[in-house]
There are 2 protein chains.
Amino acid sequence: MEKRTEINKVGEFGLIEQITKNFTNQNKSTVVGVGDDAAVMDFGGIYSLLSTDMLVEGVHFDLSYMPIQHLGYKAVSVNVSDIAAMNGIPQQIVVSLALSNRFSVEAVEKLYEGIAFACKDFEVDLVGGDTTSSPSGLIISISVTGEVAKDKVALRSKVEQGDIICATGDLGGAYIGLQVLEREKQVFLSNPEMQPDLKKYPYITGRQLKPKARMDIIHELAELKVQPKAMIDISDGLASELYHLASQSKVGFFIYEDKLPIDKQTYDTAVEFKIDPITCVMNGGEDYELLFSISQDDFEKLKTHPDIHFIGYATEKEKGINLVTKSQNVVPIQAQGWDHFKAGN
Amino acid sequence: MEKRTEINKVGEFGLIEQITKNFTNQNKSTVVGVGDDAAVMDFGGIYSLLSTDMLVEGVHFDLSYMPIQHLGYKAVSVNVSDIAAMNGIPQQIVVSLALSNRFSVEAVEKLYEGIAFACKDFEVDLVGGDTTSSPSGLIISISVTGEVAKDKVALRSKVEQGDIICATGDLGGAYIGLQVLEREKQVFLSNPEMQPDLKKYPYITGRQLKPKARMDIIHELAELKVQPKAMIDISDGLASELYHLASQSKVGFFIYEDKLPIDKQTYDTAVEFKIDPITCVMNGGEDYELLFSISQDDFEKLKTHPDIHFIGYATEKEKGINLVTKSQNVVPIQAQGWDHFKAGN
């Protein structure tokens, strides 16, 4: 009998590792291939960046609470976030759509309103795509190009011991926002007379429904002349991103619980849902904030920035990835991430 | 009540027109956006190209007769074909996959074997992607980059009156190959004891299952110093591609029935299926041959090429797109194309 391994047994990362190990690059213009937020191509004076992300109905979004314009915006935003994570400036996108006949032209127009809005917001050009039918549901796949000066690119592999680890914005909100949306959907399904009560949670539901790639941070770092050494966007939860940085840079981390940025609404709602707020930060996904390392020399330039938080530092690899709790205990951080092949996600 | 237009009412082209009319390009590097085979970006000395194509199970392929390695190969090939159609050289691809739990790791590995084989064949580098689960079936979305010298790019808008229209290879085979595969599937479904008899039709089933982008032609044209003025790949059928060239170049065409390249197996099988072979050529899709125009001065350099066929010439727009039949009748060509939103495709 033929061997059959379930995909959820190896997980997304295992699967990617397995399928990419036999590929070698053949083109001089390919600088960085698989394994970072975006590919890096060298077409002369600058690096060209390329990245792609696919959103699948029933896996990544639920149109019963996701306005379709927001979906268009989010699909662009998550792609732009990958370019930001290279310290790059996004340039062009191509959009592929597969649509079941449930979707009308008006629905597609609304989706593209969101895409157009994001294109303006992030100053990217829609330059092509592919539109086709689907036997069921909506799939949106976007690829984005970007560019970055050769000496400014921020790779996952460039954290050095002693670097300060920075996180932007606040974390865990998108995850707990999703819990609210799911709960209100269940309430609505069991009693259609009840209208979803989302007004109590505007911030966290907005984090889930309309995340904004942090291009503002990229521009500010450039203005402040701070070079992020390594950078990654926080799409799968802080623990998972720390794991990627640590493994590619061959370093360890000490992260301080009391430095982790959590919004009050995120905290309160997590408590309401009886979920540890730190779990939301560590393992909740889709915040699309930036995690990056800077050399200690750059700390002065950023220390008063209201939206950049210094959450820890890099140490030697052997120390591992650790959380220093409020009570000064040191506990290893488990990267659990946001595995789309595991049940419940 | 909200307005609801069915997508099949406007068709893919109508839908694309509708959703892209409100986008304007903002980046200096964007030279050609939506509307050609690939987007064109200017990053200095050369043009950078970007294109994307999505294949959806149950719409574009049927794994009951499509070996999954071939699907991987084909998904790359159809993308490379778009770069070829710009007279460009492909460079990098990113691959996004959505997979239901029907697919094992081994199946995904086989898919990637086909992708790897195509990467070698077309000298492109796999540089990234996204892998996720799907509630049903397999969706593969690939984006491809390429490059072309600025004075060598072949746009759809550059046909001029008097140009000779050329088609590579032969046409209609992929479509009639699909009919064979569908018929044998039905035979198998109604009587599983019967094994599909595909040996009789190796060429046309191969055309459907493993189309090869014509990068060989692109390299040969360069060696022969022939600049294709306008070019498009034949993915939706000759009629549809002629329509695109005519509308973007503002010309008309006279195409000669007796010059259309049809393989003998295509012809014989079309007759067996009681389908007009010319209909297969005109409206059958997925041949992934190239259709291009050359100036009359270049005819001498190509006239002995065994795989390039001179099927007609460009004339003034008012004349329309015409087929000159074997009996010297002139009949207008209807672009019917390969509309994935219409039933039966």
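In what order do the strands of the open sheet in chain B follow one another?

1. Basis of the note. This is a predicted model, in which local features need pLDDT of at least 70 and side-chain atom pairs count only at pLDDT 80 or more, whereas totals for chains, interfaces and linings use all residues. Residues are numbered from 1 along each chain as its sequence is written, while chains are lettered from A and ligands numbered from 1 in the order in which they are written.

2. The sheet of chain B. Seven strands form an open sheet with mixed pairing, and their order is β8-β10-β7-β11-β9-β12-β13 (chain B). Helices (H or I, at least four residues) and strands (E, at least two) are DSSP runs numbered from the N terminus, and two strands pair if DSSP finds at least two bridges between them. At the edges stand β8 (230-234) and β13 (330-332) of chain B, each of which pairs on one side only, and from one strand to the next the twist averages 25°.

3. Pairing inside the sheet. Strands of a sheet pair through backbone hydrogen bonds, either parallel or antiparallel. Strand β9 (residues 251-256) of chain B runs antiparallel to strand β11 (residues 308-316) of chain B, with five bridges between them, and here Val251(B) stands opposite Glu316(B). β9(B) is also joined by four bridges to strand β12 (residues 321-324) of chain B, this time in the parallel sense, with Asn322(B) as the bridge partner of Phe254(B). Strand β7 (residues 164-168) of chain B pairs with β11(B) over five antiparallel bridges, and Ile165(B) faces Gly312(B) there.

4. Two crossing helices. The axes of helix α4 (residues 173-190) and helix α5 (residues 202-209) of chain B come within 7 Å and cross at roughly 100°; axes are lines fitted to C-alpha atoms, for helices over the stretch in contact, and angles run from 0 to 180 degrees between N-to-C directions. α4(B) is therefore roughly perpendicular to α5(B), a term that covers angles of 65 to 115 degrees. The contact between α4(B) and α5(B) divides into seven nonpolar, four polar and one charged residue. In this count Ala, Val, Leu, Ile, Met, Phe, Trp, Tyr, Cys and Pro are nonpolar, Asp, Glu, Lys and Arg are charged, and the others, Gly among them, are polar.

5. Domains of chain A. Chain A is divided into domain 1 (26-151) and domain 2 (156-332), with bounds that come from an automatic or database domain assignment, and the C-alpha centres of these domains lie 22 Å apart. Their contact takes 17 residues from domain 1 of chain A and 19 residues from domain 2 of chain A, where residues are in contact if their C-beta atoms, placed from the backbone, lie within 7 Å.

6. The two chains. A rotation of 180° with 0.0 Å of shift along its axis superposes chain B on chain A, with an RMSD of 0.0 Å; the superposition is by least squares on the C-alpha atoms of residues with pLDDT of at least 70 in both copies. The two copies are thus related as by a two-fold rotation axis. The contact takes 74 residues from chain B and 74 residues from chain A, and β5(B) gives the most to the side of chain B that touches chain A, with nine residues.

Technical notes. Two residues are in contact if their C-beta atoms, placed from the backbone, lie within 7 Å. Angles under 35 degrees count as roughly parallel, over 145 as roughly antiparallel, 65 to 115 as roughly perpendicular and the rest as oblique.
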